[in-house]
Each structure stands twice: as C-alpha cells, then as structure tokens.
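Please keep the sequence and the coordinates at hand.

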Amino acid sequence: MMRKYSFLLLLAVLAVGVFLRVFGINASYGFEGELGRELIYLRSNFLAGRLPLAGLTTSHEWLSYGPFYYWIMMPIFAIFKGDPFILFWTALGVSILGLILNYAVVKKIVDQKTAFISTFFEAISPLLVWQTRLSKLHVFFFILMPVFMYLSYLVWNEKKKWVFWLGLVFGFMFSFHFSQIPIIGVIILMFWIKKNIYSFKDWLKFAAGTILPNVTLLWPDKNLILWLPYRTLNIADKNPVGTFTSLSEFFGRSLFWDSRFWILGFVVFILLFGYYVWLNRRNLKKDFLSFYLISSLGLVLTANILHGGSPVHYFLPIFTLVPIFYAIFISKIKLGILLPVLIFALNFSGYFSSGIVGGFVAYQKQLEAANFIVSDANGKKLSIERSGQYDYFPEQYSQNYEYLILWKGGYLVENSTNVYKIVENNGNVEVEK
C-alpha cells in the first residue's frame, strides 16, 4: 500500500510540514537582533556591490563564518528588495528540501517505510518547526546533513571517488555553523575501519575538499587553523545543571512542544540509544547504518556533555538524525506509524500557540513600532535604544528594529539627539521618545 501511494503520501507529509511552519508566521517568525544583524550585513554588501569573502563573526569576535550563506542570500535580497521575510522563506524552502532529501537518502540506505516515517517525524518535529521559524543560517544543516550521510554511505562502500566530495560538503558546513566539528570523528573512524581501502592520499583528498570552500575564510584569519583542534579537544568549564537542561531540551523538543515532557523525551532517547548500541555492538565494522548512527549520535552527545551547558543548536549535526533513529524502531512495530501520529496529536496546541518560543515580540508588532518611528522622525536623523530580552548584547540586541527602520526609509545614525527608546515587555512593545 505504501509503495503504491508513496508519492501521494510524501506530498501529504510535505504539505503538513509546510503548514506547520507557515501557520501564523507573523506571530511566530523569530525576527530578532541576530536576524536583523544578518540583514544589515547583506544590505551593506549589496549597496557596496560586493560579495563578502567571509560571513559575520560568531560569538568569538575574531572567528567568522564562511561566505556561502551570504552568497546564496545576496541575489534573494536583491530580487525581493530586502524584505525581512526572505530569511523565513529561504529557511522554509531549505527545510522542505531537507525533508525530500531525507526521504531519498533513507529510502536508499534503509528502506521506504523507514524513509516515510522519519520524514513524517521531521515534518512534525517541534524542534525543526521551531528552528525553521527562527530562520537562522544554520537551517542549511537540514540539507547538508542528509547529503553528508549519503556520501558517507558511498565512501563506506568503498566508492573512493566520493572522498573529496565528502570533504567538500563538510567544508561547506563552516559557512553555517561550527557544531559539526565532532563529526570529523566519524570520518576518522570510518577511514580506520576501512584502512585496507583508504590510504594517506584519501585523507589528503578529504582535507582538500574541506579546505576548498573555506579558502577565503582561512587566508585572512589563520587563527582558525589553530582554533579548530583546540575547540575539538578543549573541555570547557563544567555546568552540570546547564548540561542536563540542554540535553533535556534537545532530545525532549525533538518529540514534544510542551517543556513539561522534555525530560521524558530525553529518557526515551537514552534508553533506546543504549539498547541500540548493545544490539549492534558487533555490527559497527560491518554495517554502515549502525556505525553511522552510533558514531554520530555518540560523538555529538559526548562533545556536548564535555562542553557543558551547550545551546540547542550545538546539536545541529544530529537534528535530522534523531528522527531517523526513532523511525528505525517504529518501522519494526506493527502499526508503528500511529506513534508519530500520537505525538502530533500531543503537540497540536503547541503548533498553533501565539507568539514565538523564547518570548520575543511578534514581527508585526516590531514592524508597527518601526513604522511609527520612521513616520514620527519625518526624515530627520534618529537613534534607537532597546530595553528587553538579551539587551545586554551589543547595541541592546536592537538590530532587528535598526534594519526595519532602514528598510522603511528611516535615517538611522549613531548618537543622534533624536532618540527613540523601544521597550519590550511580555511580548508587547512600546516606543518612548
């Protein structure tokens, strides 16, 4: 039955995925200071008529992302005249393409039933819905990780010509985040298991592929070469409570919208993962799927425990892998598809709740505030201040308002005597002069 109607079933899953991400987006679009900063950077490069050789800096001020996200976004910025929603529509397109790639890859590596269940899980995952609404650059991991998994599968099966391309995809990830660094351990383990097949020359091919997309990043910032091994090996100050919270949030939010159930999601994963490791302990050198799941999940989990108190996006390399992991179990249960349907039902109210996760002000209210400021200033120079969540970050985390004011034609400058103070409180916003 599933094979006969597979195309229609996939379309239905994609439709559900689109609907959950788009419904009420004016209230749930995660437009805040970080996204405003991205758009300001795109705008400045667009007005200067240049393609940046590096992306914006990370939380380490001397460390920048690679340039490819901005190369992708520049023409989109131009076509849609800088509309702030380009970040969401891009994230939505990437998210849906990720669902399609997941289906294709899992169908090839495992089977069609597991492919369908895992894709359905991804479509309804509160974590992936939330991340799509936040619309940050690391959403591109949703397409990079399935491709990385498939190329790893080819290399595991001794297709040596794909080694360079595996490195290339790994290298592209540095334009979207650095959380994939522990995944280098998967490659090391795979080359060690296949040491009779892969030589030092293949190591060089992988390294060349990794470096190539980052030449413009490495050349001006050679500190990155020193930072990567440090970041890989360094064990940060421990924060046991924060670590437990981050683990519970990631694995819990993969299944449940309501935070009261997150600890249950974490416990379910740990029990199933322990059982899966024990069940496949003798297959690690023989079977790609068990090797890839155990090594990837295990390395990212260990890295975040050692790091301590990691934010959720540090789990990016396994965002799309956890649904595959659950689907493998569910596919073996008669009428197992009812389990993700039940989870969907439990999360139903969460999908349609007003406001975005995290307590920021809805986009429409931000836009109204920006329109008022531009209208009131009437072409005069102005500055803004912001009071609200995360206002201890640079520029009081007000870059979203800065961009909206610029986009609407406001004359925004630093240290103007014409100052507007934006006050956010419990999802509401007021403008004081």
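What is the mean pLDDT of the chain, and what percentage of its residues reach 70 or more? The model is a predicted one, its mean pLDDT is 89, and 92% of the residues reach that value. Confidence is highest in helix α8, residues 141-156, where the mean is 98, and lowest in helix α13, residues 223-233, where the mean is 51. Where pLDDT is low, predicted coordinates should not be read in detail.

Helix packing may be considered next. Two packed helices are described by the angle and the distance between their axes. Helix α3, comprising residues 33-48, packs against helix α21, comprising residues 399-407, at an angle of about 45 degrees, and the two axes lie 6 Å apart. The angle therefore makes α3 oblique to α21. As to handedness, the crossing of α3 and α21 is left-handed. On the α3 side, the contact is formed by Gly33, Gly36, Arg37, Leu39, Ile40 and Arg43, which meet Gln399, Asn400, Glu402, Tyr403 and Leu406 of α21.

Helix α7, which spans residues 126-134, is mostly covered, with nine of its nine residues buried. Serine 135 follows α7 and has a positive phi, near 65 degrees.

Two individual residues complete the account. Serine 118 is found in helix α6, residues 112-124. Is serine 118 buried or exposed? Its relative accessible area is 0%, so serine 118 counts as buried, the cut-off being under 20%. When residues up to four places away in sequence are not counted, serine 118 touches Asn102, Val106, Pro323, Ile324 and Ala327.

Leucine 306 belongs to helix α16, residues 288-307. The relative accessibility of leucine 306 is 36%; because this value falls between the limits of 20% and 50%, leucine 306 is classed as partly exposed. Along the chain, leucine 306 and lysine 160 are 146 residues apart, and their C-alpha atoms are separated by 33 Å.

Conventions:
Residues numbered from 1 in each chain as written. Predicted model: local features only at pLDDT ≥ 70, side-chain atom pairs only at ≥ 80, totals over all residues. Heavy atoms only, no water. Axes fitted to C-alpha atoms, helices over the stretch in contact; angles between N-to-C directions. Helix = DSSP H or I, 4+ residues; strand = E, 2+ residues; numbered from the N terminus. Parallel < 35°, antiparallel > 145°, perpendicular 65-115°, else oblique. Left-handed = near helix turned anticlockwise from the far one by under 90°. Contact = heavy atoms within 4.5 Å. pLDDT = per-residue confidence, 0-100. Buried < 20%, exposed > 50% of the residue type's maximum accessible area, 1.4 Å probe, protein only.
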